[in-house]
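Trainee: Could you take me through one part of this structure slowly, and show me how a pair of packed helices is described?

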Amino acid sequence: MRKRIKAVAVCVGIALTAPASAQEELNFDAYREMLADGNPAELYEMEGEELWRTARGPNNATLEQCDLGLGAGVVAGAAAQLPRYFEDAGRVQDIETRLMYCMETLQGIPSKEIIDGKFLQGERAKLAALVAYVVTHSKGEKIAIDLSHPKVKEMYELGERTFYYRLGVMDFSCASCHSQDGKRIRATQLPNITTREGAAEGWGSWPAYRVSSSQFWTMQHRLWDCFRQQRAAEPIFGSDVIIALSTFMAGKGNGIEAKWPGVKR
Amino acid sequence: MASPMRIRAAAKDGVTEVRVLMSHVMETGQRKDSAGEVIPAHFITELTAKHNDKLVLSAEFGPSVSTNPYLAFKFKGGEKGDKITVSWVDNKGDSRTDEAQIA
C-alpha cells in the first residue's frame, strides 16, 4: 500500500516539473531580441509618419493639428498617457479612437468608414500605420495614464469587470488565460495581467508586427481577436468595452516602461 | 511604386555593419486567395549593395524569403559619412534604390 502511494507521488512530481522544463526550452526571448533589431513595424511607422503629414480626406487637411492629449500636434510621449479623457470628444479614448476622432474632425474622414471596415484594409489599415507612428514616439516611455480622473477611473473599473466577466459558449473570461503566471497557448507565453508587470507586458508590447503572418496589429485588433478566440460576440471597433480593457491594462501597468511597437512570432 | 527601405550602417574597428529593412510583399506564387485563384508570384530577385561606388554585396533572392525582408551584413572598410547604396529588382521589373550614410 505504501509503495503504491509512493509511486503515485512520483508521478505527480513528474507531471508538475514537466511544464516548467518545457517552458525553458520554449524561451523565445532570444529569438524576439533578434527580430526586434529589424522590426518591420518600422515600415508601418514610416507610412504613418507620411500619413500624419499628408493632406487627405474631404477637408484636404493633415493631422498635424491633432491633439493626442499633450496639445495640438504633440506626438512625443503621447501614447504613454493614453487612454485618457478628452473634453472635446466627451469620452475616454485610446490611441485608435483618438486618431479616428482627429481623422473625422480635421480631415473629414467619417469614423463610420473605419468602424464598419475590416482590419488591415482601407482606412482602418491607414489608422494602424498612424498608430505605429504615434507609439514609436513613446518608445521606452513609462506608462503614465491619469487614473485620478473620475471618467478614466470609471473606465478602469469597467475594464476590470470585463476582464473577469465570463461569456460565450465556452464560458471564458480574459482571466481564464491571463490570471496565472507561466500559462501559455501553444508556444506563446501569456502575461499574468492581474500583476503590475504582466499588465505592462501585455499593454506595452502592442501594437506589434507579427512575423508569422507579416501583419501589423494594433491593440484594438489584438483585443478583438481575444474575444473571437473565446468564441464570444466580436466587439465593435473602438467601442467602450475595448477602451475599458485597455484602460484597465494600462492603469495596472502604470510606471513601467512600454516596448512599443512590439514584434511577435 | 515600391516603398522606401530603411538602411542603417555603422562602422566599428574597420568593419561596417549594414542593416537593411525592405518593404515587399514577397509573394511566392504558391498561395491562393479566398476565391481560389493563384496569387501571382511577386518577389525580389536581385539585390546589390555598394559602398560609395564599390560593389560590396550582390545577392539573388527568391520566393522563400519572407515578406518585408531584413538583411544584415558586414564588410571590411568604410568610414563615417561614406555612402551606402542598396538596390533591388523584383520579378515584375519593379526596383528600388535607397541610400544611407555610415554612422
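This is a predicted model: local features need pLDDT of at least 70, side-chain atom pairs count only at pLDDT 80 or more; totals for chains, interfaces and linings use all residues.

Mentor: In general, two packed helices are described by the angle between their axes and the distance between the axes. Here the pair consists of helix α4 of chain A, which covers residues 95-107, and helix α6 of chain A, which covers residues 122-136. Their axes come within 10 Å and cross at roughly 115°. Angles of 65 to 115 degrees count as roughly perpendicular, and α4(A) and α6(A) are therefore described as roughly perpendicular to each other. The crossing of α4(A) and α6(A) also has a hand, and that hand is right-handed. On the side of α4(A), the contact is made by Ile95(A), Glu96(A), Leu99(A) and Met100(A), while α6(A) contributes Leu127(A), Leu130(A), Val131(A), Val134(A) and Val135(A). When the residues of this contact between α4(A) and α6(A) are sorted by class, 8 are nonpolar, none is polar and 1 is charged.

Let us turn now to a single residue elsewhere in the chain. Cys174(A) lies in helix α8 of chain A, which spans residues 174-178. Because Cys174(A) has 24 C-beta neighbours inside 10 Å, Cys174(A) counts as buried. If its neighbours within four places in sequence are left aside, Cys174(A) is in contact with Phe163(A) and Cys226(A). Gln230(A) is 56 residues away from Cys174(A) along the chain, yet the C-alpha atoms of these two residues are separated by 8.5 Å.

Terms used: Residues are numbered from 1 along each chain as its sequence is written. Chains are lettered from A and ligands numbered from 1 in the order in which they are written. Axes are lines fitted to C-alpha atoms, for helices over the stretch in contact, and angles run from 0 to 180 degrees between N-to-C directions. Helices (H or I, at least four residues) and strands (E, at least two) are DSSP runs, numbered from the N terminus. Angles under 35 degrees count as roughly parallel, over 145 as roughly antiparallel, 65 to 115 as roughly perpendicular and the rest as oblique. A crossing is left-handed if the near helix is turned anticlockwise from the far one by less than a right angle, and right-handed if clockwise. Two residues are in contact if their C-beta atoms, placed from the backbone, lie within 7 Å. Ala, Val, Leu, Ile, Met, Phe, Trp, Tyr, Cys and Pro count as nonpolar, Asp, Glu, Lys and Arg as charged, and the others, Gly among them, as polar. A residue is buried if 20 or more other C-beta atoms lie within 10 Å of its own, exposed if 12 or fewer, and partly exposed in between; C-beta atoms are placed from the backbone.
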